[in-house]
Amino acid sequence: MTPTRRDFLRIAGASAVGLLLPPWARMANSAQTAGMAPISVPAKALTARRWAMVVDAAKCRPGCRDCVDACHLVHNVPDFKNLKDDIHWISLEKAGHLFPTEIHLRQPEAIRTLPLPVLCNHCENPPCVRVCPTKATFQRADGIVMMDYHRCIGCRFCMAACPYGSRSMNYRDPRPFIGKLNPDFPTRTRGVVEKCNFCEERLAQGLLPACVTACKEKALIFGDLEEKGSDLRHTLEGGFSIRRRSELGTGPQVYYRL
Amino acid sequence: MLEKALTGSRGYWIWVAGLMALTALGLFFYLRQLDYGLGITGMSRDISWGLYIAQFTFLVGVAASAVMLVLPYYLHDFKAFGKITILGEFLAVAAVIMCITFVFVDLGRPDRVMNVMLHPSPSSILFWDMIVLSCYLLLNIVTGWTVLESDRMGVPPPRWVKPLIIVSIPWAISIHTVTAFIYAGLPGRGFWLTAIMAPRFLASAFASGPALLILFCLLLRRLTGFDAGEKAIQTLAKIVAYALATSIFFVLVEIFTTFYGQIPGHMDHFRYLFRGLEGHNMIANWMTVSALLACISLVLLIVPRWRKGEPVLAVACIGAFVSLWIEKGLGLIVTGFVPSPLEAITDYLPTGPEIAITVGVWALGLLLITFFYRIFVAVRSGD
Amino acid sequence: MKLYDRWKILTGIVIFLIAVTFPIWYGKAKSVPPPDLKLDTPAIQALKEKLCVEQAPTMRANHMRLLISWRESVVRDGNRTYRASDGKVYTISLAGTCLECHSNKAEFCDRCHDYAGAKPNCWNCHIMPEEVRR
């Protein structure tokens, strides 16, 4: 009996699935080479149980952009010079915009318009990690919310989920717009979302984040929230601090001493 | 049965050729987008979802609306719908394919789309959306095709089709609930963070989908010999009326909670949506049109004398469809991002390439519907 | 058995065979010598023992697998230490470890890649040593 078109399609479909099975099985077992060391940390790396940052607004000098410039230089963040394609990992925004519910209109103008650094808050309970369909953004044991630029599909669900506007999308190829290339850190391609990573690559080398180091006024204090004697804890215990949109339960780890 | 789509009148082929041209144009611009990046669209750092996701959101509703034909017929033996459940299922197939295509063209790295399956993330609603949409697509392809083919052979459909069709009923509800959950679970976007998002989505789905179905039935009646029957069309129109009324009601209760509660952050979104904020009123202008269309269409559908007249019915259905396309499309998406988390108001204007790609995907969907309905008509008229 | 439309079918088969063997007869038009890899960068010459992270044959066959597992280790596990099969410990870093010695991408990496038709897209993000000198 001659096969019908339907039979042919059925057999073709089954063959296609059959041909695809070995590669899929192989892919699932890939990236397993011998010699992977158990997680051991070089002696000089900085470690923590929960990384956090305090912004001491009193020390922040208006007009200064050292933290922004340092971060964007170290991480090859492009400058598109237009708001639409803009990518930034850290930026300066007016305190009144950071804290719209706390900073009411009758606060002194100096406070309302004080530029403060905003960056990824590396939340304890990050909504961006919850929504990522590929786990390209994930949370490390030390609290840092990481981006895996190799896995990101650019769906921008994380950008919708972030309550703080911390994330930027590469809507275009960033390479031509990077001022001075830092060879020690990769760039990103168009099509992925990027954000501050608390300089985890510098922490691994025993260095503090670029913004913290660059700030001449020492307005940015970085450290382990769980370490009792740390500068960070000391600063936090020294007075009142607030976090952005803390009522949302995200547990942001950037604290502002206003 | 596929070969039936390859026979048709001159008008049929002119229509198909036109749709293919639009699809090709969309593909051309998509290749340009692949080359330049998503920056070729109007999206920005603040408004990171735009026209593509708006179309996806709206079309999931249209896809879900097949349930409005299937449920009365298969669960309640409403015989008038018996002839046209297949039309609903085929519409669902085309709509879901459009949804998947819109998500695909919206991705920054479409070459990595398999990562969603290679690295499953059950905490992500997008992961579940992909699963339920794919299953819904399969369900409708299989059931629609099998029932139509049984029709052609003149035999009752095989027994295994019925359970699949029954499953497609709660599944239709689920696809749109899951899509609503994409928005309704984001703590940072107050405009979307409302439990009524899923009910709103369902109500507007059951208004827009059947409205489109009515338009298709009217067209089929005019252009081919196929008549869905006055009872079927009028019942569908009543469903649209009830669903549209519910949808409007849901919007009104949202407005009540927002403006009686007087929380500034919440009010800002709705002010932007309907009136505009600080002079940014493009969305507000469109929403005014949407609101007017919704009310006029509702009235036209409620009054029996008007609903029963074909031209008025067509106008009402077009009005309902366009109104909800605006409200559930860009109205919903852009407003979620405005004001931004840092209180900024950014404008979003779709660019030419973006519109061309969007039109291309719609043309692709309409092409699929044309082919499906051509086959349907050929089978029903006994070719 | 009769072969209907004999000439159409035979013509089609001939065209198909020509098309499907295109890489063979087109490639035969030029003969490409095997790649000549330059391992004489200053960093390699300064090494006492000229050894890579793993043996050269292993690296030749598996460097992409190694790089991907390195990538997962650094990005997803935060682990930047690699213990090679000979017990030596290296810091996992493309630019800091691999490219420190193999800083001549055009005369080393590209030679084999071009020969084999491999186009690794790592360089879309990871910066080539030559690129910085601009």
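How many residues of α2(B) are buried? The count is 14 of the 14, so α2(B) is largely enclosed by the rest of the structure. Buried means that 20 or more other C-beta atoms lie within 10 Å of a residue's own; exposed means 12 or fewer, partly exposed is in between, and C-beta atoms are placed from the backbone. This is a predicted model: local features need pLDDT of at least 70, side-chain atom pairs count only at pLDDT 80 or more, and totals for chains, interfaces and linings use all residues. Residues are numbered from 1 along each chain as its sequence is written, while chains are lettered from A and ligands numbered from 1 in the order in which they are written.

**View 1. Helix α2 of chain B.** This helix covers residues 51-64 of chain B. Helices (H or I, at least four residues) and strands (E, at least two) are DSSP runs, numbered from the N terminus. From first C-alpha to last, the 14 residues of α2(B) reach 20 Å, close to the 20 Å expected at 1.5 Å a residue. The expected span of a helix is 1.5 Å times one less than its number of residues.

**View 2. Helix α1 of chain B.** Residues 10-36 of chain B form this helix. Its 27 residues should span 39 Å at 1.5 Å a residue, and its end C-alpha atoms are 39 Å apart, which agrees. B:Leu19, B:Gly26, B:Phe29, B:Tyr30 and B:Gln33 are its buried residues. They pack against α4 and α15 of chain B. After α1(B) comes B:Gly37, with a positive phi near 115 degrees.

**View 3. The largest nonpolar core.** A nonpolar core is a set of buried Ala, Val, Leu, Ile, Met, Phe, Trp, Tyr and Cys residues joined through C-beta atoms within 7 Å. The largest one holds 182 residues. B:Ala63, B:Leu91, B:Cys99 and B:Val240 touch the most other members. Helix α4 (residues 85-106) of chain B gives the most to this core, 14 residues. A second, separate core has five residues, among them C:Trp70, C:Val74, C:Tyr82 and C:Ile92.

**View 4. Around B:Cys99.** Leaving out residues up to four places away in sequence, B:Cys99 touches B:Phe56, B:Leu59, B:Val60, B:Ala63 and B:Leu133. Two residues are in contact if their C-beta atoms, placed from the backbone, lie within 7 Å.

**View 5. A cis peptide bond in chain B.** The bond joins B:Val338 and B:Pro339, with omega about -5 degrees. B:Pro339 sits in the loop between α14 (330-337) and α15 (352-380) of chain B.

**View 6. Two residues with positive phi.** A:Arg156 is not a glycine, yet its phi is positive, near 65 degrees. It lies in the loop between β5 (145-147) and α6 (157-161) of chain A. A:Arg156 is buried, with 22 other C-beta atoms within 10 Å. C:Asp5, also not a glycine, has a positive phi of about 50 degrees. C:Asp5 belongs to the segment before α1 (6-20) of chain C. C:Asp5 is exposed, with 9 other C-beta atoms within 10 Å.

**View 7. Where chain A meets chain B.** Here 41 residues of chain A are in contact with 31 residues of chain B. On the chain A side, the elements giving two or more residues are α3 (95-98), α5 (127-131), α6 and β6 (168-169). The largest share, four residues, comes from α6(A). This side divides into 21 nonpolar, nine polar and eleven charged residues. Ala, Val, Leu, Ile, Met, Phe, Trp, Tyr, Cys and Pro count as nonpolar, Asp, Glu, Lys and Arg as charged, and the others, Gly among them, as polar. Of the two pairs of chains that touch, chains A and B have the most contacts. Chain B and chain C share no contact; their closest C-alpha atoms lie 12 Å apart.

**View 8. The two domains of chain C.** Domain 1 covers 54-92 and domain 2 covers 94-134. Their bounds come from an automatic or database domain assignment. The C-alpha centres of the two domains of chain C lie 17 Å apart.
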